[in-house]
Amino acid sequence: MYWIILLASAVLEAVWATALSLSEGLSDPLPTAVFFVAVTLSMLGLGYAMRGIPIGTAYAVWTGTGAALTVGYAMVFGGEQASALKVLFLAGIIGCVIGLKLVDGKRTEKA
């Protein structure tokens, strides 16, 4: 369950980053509202996920996945130029995120 929450939070990171970009310095009300809602939910989800996933792994997965989704969205919808190297590097980020999931051990509970 922690991993599902973490991935949902990473998607929300991409949402808030994109909304922030569209908000024109937080002056456009709709993207600004989307930004504040998404950033709040994203942080709450990250915090919850860290109850069961080590902080280093959770943060790396959250930022890596969120960044890859943000760049991917921008490339698809015209905000950023696509190139073979960008796609290769994004695939590398996603590969690293998958690797972190595969090597994640059980967290020991603190007394």
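Predicted model: local features only at pLDDT ≥ 70, side-chain atom pairs only at ≥ 80, totals over all residues.
1. Y59 has a relative accessible area of 44% and is therefore partly exposed, where buried means under 20% relative accessible area, exposed over 50%, and partly exposed in between, with a 1.4 Å probe and protein chains only. W62, by contrast, has a relative accessibility of 4%, so that W62 counts as buried.

2. Residues are numbered from 1 along each chain as its sequence is written, and side-chain values use heavy atoms, with hydrogens and water left out.

3. As for the overall fold, the protein chain has 4 helices and 0 strands, and its pattern along the sequence reads α-α-α-α. Taken along the principal axes, the box filled by the C-alpha atoms is roughly 45 × 35 × 15 Å. Of the 111 residues in the protein chain, 30% count as buried. Among contacts between residues at least 6 apart in sequence, 64% join residues at least 24 apart, a contact meaning heavy atoms within 4.5 Å.

4. How do helices α1 and α3 pack? Helix α1 (residues 2–22) and helix α3 (residues 55–76) meet at an angle of about 45°, and their axes are 8 Å apart; the axes are lines fitted to C-alpha atoms, for helices over the stretch in contact, and angles run from 0 to 180 degrees between N-to-C directions. The two helices are therefore oblique to each other, given that angles under 35 degrees count as roughly parallel, over 145 as roughly antiparallel, 65 to 115 as roughly perpendicular and the rest as oblique. The crossing of α1 and α3 is right-handed, the term for a near helix turned clockwise from the far one by less than a right angle, with anticlockwise giving left-handed.

5. The residues making this contact include W3, L6, L7, A10 and W16 on the α1 side, and V61, W62, T65, L69 and Y73 on the α3 side. By class, the contact of α1 with α3 has 14 nonpolar, 7 polar and 1 charged residues; Ala, Val, Leu, Ile, Met, Phe, Trp, Tyr, Cys and Pro count as nonpolar, Asp, Glu, Lys and Arg as charged, and the others, Gly among them, as polar.

6. T65, found in helix α3, has a relative accessible area of 11% and is therefore buried. Not counting residues up to four places away in sequence, T65 touches L7, A10, A60 and V97.

7. A pair of aromatic rings is described by the distance of the centres and the angle of the planes. Rings of Phe, Tyr and Trp (its six-membered ring) pair if their centres lie within 6.5 Å, and planes under 30 degrees apart count as stacked, over 60 as edge-to-face and the rest as tilted. By this rule the count comes to 5 aromatic pairs. One of them joins W16 and F35, whose ring centres are 5.9 Å apart and whose planes stand at 75°, so the pair is edge-to-face. Since W16 lies in helix α1 and F35 in helix α2 (residues 29–49), the pair ties together parts that are 19 residues apart in sequence. Both W16 and F35 are buried. Y59 and W62 form a tilted aromatic pair, with 5.8 Å centre to centre and 35° between the planes. W16, F35 and F36 form one aromatic cluster.

8. The loop between α1 and α2 deserves a separate look. Most residues other than glycine have a negative phi, and most peptide bonds are trans. E24, which is found in this loop, has a positive phi of about 55° although it is not a glycine, and at 60% relative accessibility E24 counts as exposed. L26, found in the loop between α1 and α2, has a positive phi of about 60° although it is not a glycine; with a relative accessible area of 39%, L26 is partly exposed.

9. Which residues does D28 contact, leaving aside its neighbours within four places in sequence? D28 lies in the loop between α1 and α2, and on that basis D28 is in contact with L22 and S23. At 31% relative accessibility, D28 counts as partly exposed. The C-alpha atoms of D28 and L7, which are 21 residues apart along the chain, are separated by 28 Å.
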